[in-house]
Amino acid sequence: MRSKSPLLKPQCMPNGTYRLIYTSKEGNLVARMDECYDMHESGQYREACMLRSRTFPIIMEAIDEAMNDSGGDITLDRTHDNTLAAMEFIHTAAIDNYLMNMCEVAAAQLELLLDCDDEDPLQATPTLALCYVAIDDWDNLEAIEMDLDTKSPLYALVHLCRLYNRLGTISEPDFELLKRYHRHLCDEILLDEHPTDEAYMRGIMVEPAEPKALARELYLRCEVALSHQPAFVEALCERLR
């Protein structure tokens with residue numbers, strides 16, 4: 001029985017990067033990503049997630065072929081629209097898996113993405129850091145910490161969590177930095193509920209976004225990772241009160 005033709009084919013460029021060329025309209029990843037956006041706008045979040053899940057294996061098949069062709073790791077050509085869309089699919093599929101608490105799967109997808117473009121144009125590293133917190137991969141977290149924005153509240157939080165795992169207690173100097181420079185996140189951590197209500201949506205949509213709304217958005221982003229570190233959260237809340 002004849003095997004089904006792949007929807008994507010890797011093409012090696014003169015500079016050694018790879019493009020993922022679609023061989024039929026089903027492999028047009030730009031159109032698929034537009035379909036995902038349309039689903040989100042119409043509230044079809046589950047359907048969009050399923051489309052990303054179905055698309056990821058198609059991309060992996062092409063990447064595997066490119067790796068076999070090169071004999072090792074590859075760099076994807078993000079200047080090519082269909083290839084950039086493939087990278088976006090990997091990134092968003094990983095976020096889906098992280099939010100579904102499938103953090104090891106998400107970490108593997110994000111590591112693949114960074115292997116294919118170590119300049120991280122899609123900013124996958126922050127989510128990868130949260131995956132490492134969730135799966136207790138402290139060595140890899142330490143290795144990528146300096147790739148985060150060291151002035152960001154996310155960096156301050158995951159760094160403090162890693163040190164807590166190593167020391168067994170809250171690091172006082174790093175706690176003071178978190179409290180001094182990221183007080184809105186500290187306030188959010190202490191709340192019993194974090195609703196995405198109308199007030200929150202207004203705060204996020206205004207330009208610039210309100211600091212309290214941004215703190216809630218970050219907390220919600222970190223919530224899956226923090227759910228795996230209850231001792232750290234309890235110790236942090238005790239120091240914040």
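The points below concern a strand pairing, several salt bridges and a charged surface patch in this predicted model.

1. Strands E1 (residues 8-12) and E2 (residues 18-22) run antiparallel and are paired over 5 bridges. Within this pairing, Pro10 faces Leu20 of E2. The hairpin has 5 residues between its strands, and Gly16 adopts a positive phi near 90 degrees there.

2. The structure contains 11 salt bridges. One of them joins the side chains of Asp77 and Arg19, at 2.6 Å from N to O. Asp77 belongs to the loop between helix H2 (45-70) and helix H3 (81-99), while Arg19 belongs to strand E2, so the pair ties together parts 58 residues apart in sequence. Asp77 counts as buried because its relative accessibility is 9%, whereas Arg19, at 24%, counts as partly exposed.

3. A salt bridge also connects the side chains of Glu172 and Arg239 (2.7 Å, N to O). Glu172 lies in helix H8 (residues 172-181) and Arg239 in helix H12 (residues 230-240), so this contact ties together parts that are 67 residues apart in sequence. Glu172 is partly exposed, with a relative accessible area of 35%; Arg239 is likewise partly exposed, at 30% relative accessibility.

4. Arg216 and Glu188 form a salt bridge in which the closest N and O atoms are 2.8 Å apart. The pair links helix H11 (residues 211-227), which holds Arg216, to helix H9 (residues 183-189), which holds Glu188, across 28 residues. Both Arg216 and Glu188 are buried.

5. Salt bridges also link Arg78, Asp117 and Glu119 in a network.

6. On the surface, a patch of negative charge comprises Asp34, Glu35, Asp38 and Glu41. Glu41 is located in helix H1 (residues 29-41) and counts as exposed, at 70% relative accessibility.

Key:
Residues are numbered from 1 along each chain as its sequence is written. This is a predicted model: local features need pLDDT of at least 70, side-chain atom pairs count only at pLDDT 80 or more; totals for chains, interfaces and linings use all residues. Side-chain values use heavy atoms; hydrogens and water are left out. Patches are made of residues with over 30% relative accessible area and no salt bridge: like charges are joined within 9 Å, nonpolar side chains (Val, Leu, Ile, Met, Phe, Trp, Tyr) within 5 Å. Accessible areas come from the Shrake-Rupley method with a 1.4 Å probe; for residues, only the protein chains shown count as cover. A salt bridge is a side-chain nitrogen of Lys or Arg within 4 Å of a carboxyl oxygen of Asp or Glu. Lys and Arg count as positive and Asp and Glu as negative; His and the chain ends are not counted. The place of a charge is taken as NZ of Lys, CZ of Arg, CG of Asp or CD of Glu. Helices (H or I, at least four residues) and strands (E, at least two) are DSSP runs, numbered from the N terminus. Buried means under 20% relative accessible area, exposed over 50%, partly exposed in between (1.4 Å probe, protein chains only). Two strands pair if DSSP finds at least two bridges between them.
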